[in-house]
Amino acid sequence: MRRMWSAVIALSVCFAALVSAQEHSLIVLSHSNFTVYQVDVKTNRVINQFVAKDQPHEAAITPDMQTVFAAVPEGPHVVILDAATLQQKGIIESEYFKRKTPEGNPPRTSAAPHGVAINNEGTKLYVGLERGEVPGLVVYDIKAGKVLKKIDLLLNGGHYMAMQPGTDKLYYPHREDNRVVVFDTKTDRVTKIIPVAGGPVGVDFAPNGEVWLHQDNDGSVAVVDSKTDTVTKVIKTAGQGAGRIAVSRDGRYAASTHRNSGDVAIIDARTKEVVANVELGKPPYLGFPLFSPDSRTLYIMEFQGGNLATIDMATMKVSSREKLGKDPFGGVIRRTAVTK
């Protein structure tokens, strides 16, 4: 009997730890009102916010969930925020973030630091320069608090990037060049350039090592084998327009958003088939999809509508839609209870 109760207690402790590990909040970036929000997902209420000097576009969070780096392309800078309070802890400025030759009308002098990613050890931040005279990556030492170098890539259209868990391989899509740069952050060298037709922008990772890419130009999704860094499957979603992609942590589903058609394509990650198209109305101009840590919920930033939409993955239907800023687009999950 004692053994039975010991087993029951052990299982209860494990279950409690698992539930605790799923607790999280959302860090959401809203463009035109220059605001970064922290949202309590239990109440859908804003619990913290930070107002930037210009539009915050992309964000990355350290592995310990303590610090958020948010890129402000027209700053041009990256703000360093306390992930629990969104209080500013610092700012990253660099001559690399500026253009020597202004462009546009009115002329802009920013090289547009846009995409950001952090290596798995939490020691280096990578910042993509979308409008640099010579595009590339700026490397920032997080512990030392200083910019280390710029790495020239010579490709155009780099907008968003992401670090593969466990491998420290950075995947950096370039939609104007129809290629994806694979970058080894341990050696800071390019290891491969993958041709991907359709304007690759969004990228996320499955637990089995697959890399999933959303294409802005044709709304398709490409799947890459990260062992060989070659495209193994292209999925036609029937969606149209720009968007991003997310893969659930359990590896069961991928979600690809589409601006023009106003839908989210839900793809079975094992069969590589679209199993649902969730309509969110026109024109919501959809931004980031983000899965909850337990994979049961999908959050969608509605850029045009100014809402945060929640999709219940059990029914694949919208379960709530809450007003959030003016035009929420980017974001990250912050796990508020982490078990080792």
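**Sheet, core and buried histidines in a predicted model**

User: In what order do the four strands of the open sheet stand?

Analyst: Four strands form an open sheet with antiparallel pairing (strands are DSSP runs of E, at least two residues, numbered from the N terminus; two strands pair if DSSP finds at least two bridges between them). The model is predicted: local features need pLDDT of at least 70, side-chain atom pairs count only at pLDDT 80 or more, and totals for chains, interfaces and linings use all residues. Residues are numbered from 1 along each chain as its sequence is written, and side-chain values rest on heavy atoms, without hydrogens or water. The order of the strands is S4-S5-S6-S7.

User: Which strands stand at the edges of this sheet, and why is one side of each left without a neighbour?

Analyst: An edge strand here has a single partner strand, so one side of it has no neighbour in the sheet. The two strands in this position are S4 (59–61) and S7 (88–92).

User: Which residue stands opposite isoleucine 80 in S7?

Analyst: Strand S6 (residues 77–82) and S7 run antiparallel and are joined by four bridges. Opposite isoleucine 80, S7 holds glycine 90.

User: What is the omega of the cis peptide bond that involves proline 76?

Analyst: Proline 76 belongs to the loop between strand S5 (67–72) and S6. Most peptide bonds are trans. The bond between glycine 75 and proline 76 is cis, with omega at about -20°.

User: Which residues have the most contacts inside the largest nonpolar core?

Analyst: A nonpolar core is a set of buried Ala, Val, Leu, Ile, Met, Phe, Trp, Tyr and Cys residues joined through side-chain atoms within 4.5 Å. The largest one has 26 residues. Those with the most contacts inside this core are Leu26, Tyr171, Val203 and Leu213.

User: How many of the residues of strand S18 are buried?

Analyst: Strand S18 (residues 200–205) pairs over five bridges, in the antiparallel sense, with strand S19 (residues 210–215). Proline 200 has glutamine 215 of S19 as its bridge partner. S18 is mostly covered (buried means under 20% relative accessible area, exposed over 50%, partly exposed in between, with a 1.4 Å probe and protein chains only). Of its six residues, the number buried is five.

User: Which residue in the hairpin of S18 and S19 takes a positive phi?

Analyst: Four residues lie between the two strands of this hairpin. The residue whose phi is near 100° is glycine 209.

User: With which side chain does the side chain of histidine 258 make a polar contact?

Analyst: Histidine 258 is part of strand S23 (residues 253–258) and is buried at a relative accessible area of 0%. Leaving aside residues up to four places away in sequence, histidine 258 touches residues including His214, Asp263 and Leu286 (contact means heavy atoms within 4.5 Å). Its polar contact spans 3.1 Å, and the partner is threonine 237.

User: Why is the pair of tyrosine 160 and phenylalanine 288 classed as it is?

Analyst: The structure holds six aromatic pairs (rings of Phe, Tyr and Trp, by its six-membered ring, with centres within 6.5 Å; planes under 30 degrees apart are stacked, over 60 edge-to-face, the rest tilted). In the pair of tyrosine 160 and phenylalanine 288, the ring centres lie 5.4 Å apart and the planes stand at 85°, so the class is edge-to-face.

User: Is serine 295, with its positive phi, buried or exposed?

Analyst: Serine 295 is not a glycine, yet its phi is about 70°. It is placed in the loop between S26 and strand S27 (297–302). With a relative accessible area of 7%, serine 295 is buried.

Notes: A polar contact is a pair of N or O atoms within 3.5 Å; within protein, one must be able to donate a hydrogen and the other to accept it, and residues adjacent in sequence count only if both atoms are side-chain atoms.
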